Amino acid sequence: MTPTAPITQDVLTLPRKLPEGGLTNIVGLTRDQLRAALIAAGTPEKQAKMRLGQVWQWVYHWGVRDFAAMTNLAKDYRALLAEHFTIELPEVVSKQVSTDGTRKYLVRIAGGHEVEVVYIPETDRGTLCISSQVGCTLTCSFCHTGTQKLVRNLTAGEIVGQVMLARDDLGEWPVQGAPRDEGRLISNIVLMGMGEPLYNFDNVRDAMKVVMDNEGIALGRRRITLSTSGVVPEIARTATEIGCLLAVSFHATTDEVRDQLVPINKRWNIATLLDALRDYPGLSNSERITFEYVMLDGVNDTKEDAYRLVELLRGIPAKVNLIPFNEWPGAPYKRSSGNRIHAFADIIYNAGYASPIRTPRGEDIMAACGQLKSATERERKSARAIAADAGLAHG
Ligand code: SAH
Ligand code: SF4
């Protein structure tokens with residue numbers, strides 16, 4: 001399958017849509033935005049800092065959804081909040097649990113669009129894989145999401161909301177008065193679900209700032225990994241504006257093959273991408289870049305590929321994450337054999353790079369990497385039709 005669709009990031013970004021009754025959803029507002037909104041709603045300016053701290057803690061530390069439960073606020077202030085704000089998450093349409101414990105949530109957002117969120121429990125960690133867009137404008141030939149035509153950027157609230165709804169389902173909010181549970185069910189977040197996060201940079205950044213905030217969900221910046229297909233001009237901002245770890249969907253060692261697999265390579269080729277990675281502001285031995293490499297039978301899995309990859313990585317603190325290809329209906333590739341994958345891993349490892357092979361998780365529920373695509377995906381629609389659907393005026 002040769003990808004033919006143009007490389008574009010022209011997707012519809014919905015303005016922050018006010019919920020019914022003109023209420024503002026608190027979820028996803030940055031501290032500055034929430035402070036301004038509290039003042040606009042009538043909070044006296046000199047109280048704003050304190051009120052912001054209180055509301056923030058209720059929403060993001062305790063997971064409270066009802067203003068009436070915010071017991072350290074005066075009754076009339078709670079009423080004022082309820083008049084102006086809501087605390088709303090995307091709706092969970094369905095939840096599937098794999099035989100290996102992986103959970104996949106199908107989530108509905110404004111306009112009726114759907115995205116998927118996956119929770120992967122492991123012995124030493126629990127990783128939540130979240131989406132940044134509905135579908136993806138890029139058309140990587142091995143990725144199921146890339147075949148979905150309908151695309152829109154998620155708002156910051158919809159991105160933070162994915163983390164919160166997973167915490168709801170896992171029962172992970174702290175209970176007042178109970179001893180603090182040190183082990184976290186969601187210890188890591190990866191932006192590896194649907195969409196290209198660097199094509200929705202501002203919303204992804206704002207959402208991660210909320211998730212990292214110490215007085216709320218408080219996930220450390222090193223526990224978040226953003227995966228990009230290689231949007232070169234935006235890569236440095238990942239370090240300077242978010243500070244999280246970076247993963248790159250590399251997948252090939254020649255431009256000829258990478259053009260086929262990751263068509264954004266036609267815009268920013270391997271050499272250009274590697275230059276950007278060498279200059280990555282966050283780069284160090286303790287914060288290495290992860291090179292994701294999907295193992296496709298007979299396409300990119302030879303020993304020569306492995307040796308070339310080692311050459312390309314020279315000088316970049318890196319680890320290589322080998323991903324056995326996950327099949328989906330109609331996929332034009334097959335997974336490399338176990339022998340091939342191990343031989344490839346050994347070459348990388350012997351050259352001094354960690355080269356773990358990712359264990360596919362949740363395959364029985366189509367939750368593994370690259371299998372995500374909302375089941376009820378609708379026919380391709382123009383941006384105008386999507387906007388009309390969402391009840392927005394569109395000029
Ligand atoms: N758009 C971003 C993040 C989402 S994809 C990106 O491309 O990096 C997350 C990872 O899953 C990427 O490395 C992607 O290349 C990989 N992937 C996609 N389809 C896959 C499949 N069918 N099997 C295995 N990995 C896949
Ligand atoms: Fe988009 Fe990433 Fe899938 Fe490529 S691999 S189509 S960039 S989601």
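User: Taking Ala, Val, Leu, Ile, Met, Phe, Trp, Tyr, Cys and Pro as nonpolar, Asp, Glu, Lys and Arg as charged, and the others, Gly among them, as polar, how does the lining of the second largest cavity divide?

Analyst: This is a predicted model, in which local features need pLDDT of at least 70 and side-chain atom pairs count only at 80 or more, while totals for chains, interfaces and linings use all residues. Side-chain values leave out hydrogens and water, residues are numbered from 1 along each chain as its sequence is written, and chains are lettered from A and ligands numbered from 1 in the order written. The lining of that cavity has four nonpolar and three charged residues, with no polar ones.

User: Which residues are those?

Analyst: Val-163, Ile-186, Ile-217 and Leu-219 line the second largest cavity together with Arg-167, Arg-184 and Glu-172, each having an atom within 4 Å of a cavity point. The space in the second largest cavity comes to about 30 Å³, counted as what is filled by probe spheres set on the points.

User: How many cavities turn up overall?

Analyst: Two of 30 Å³ or more are found in the whole structure, a cavity being a set of points on a 1 Å grid over the protein atoms alone where a 1.4 Å probe fits but cannot get out.

User: And what lines the largest?

Analyst: The largest cavity holds about 40 Å³ of space, and its lining consists of Cys-244, Leu-245, Leu-246, Tyr-280, Gly-282, Glu-287, Arg-288 and Ile-289. By class, that lining has five nonpolar residues, one polar and two charged.

User: Switching topic, what surrounds ligand 2?

Analyst: Around ligand 2 sit Cys-136, Cys-140 and Cys-143, along with Leu-138, Gly-146, Gly-195 and Ser-229, where a residue counts if one of its heavy atoms lies within 4 Å.

User: How does that shell divide by class?

Analyst: The shell around ligand 2 has four nonpolar and three polar residues, and no charged ones.

Definitions and conventions: Ala, Val, Leu, Ile, Met, Phe, Trp, Tyr, Cys and Pro count as nonpolar, Asp, Glu, Lys and Arg as charged, and the others, Gly among them, as polar. On a 1 Å grid over the protein atoms alone, a cavity is a set of points where a 1.4 Å probe fits but cannot get out, and a pocket is an open set with protein on both sides within 12 Å along at least five of seven lines; lining residues have an atom within 4 Å of a point.
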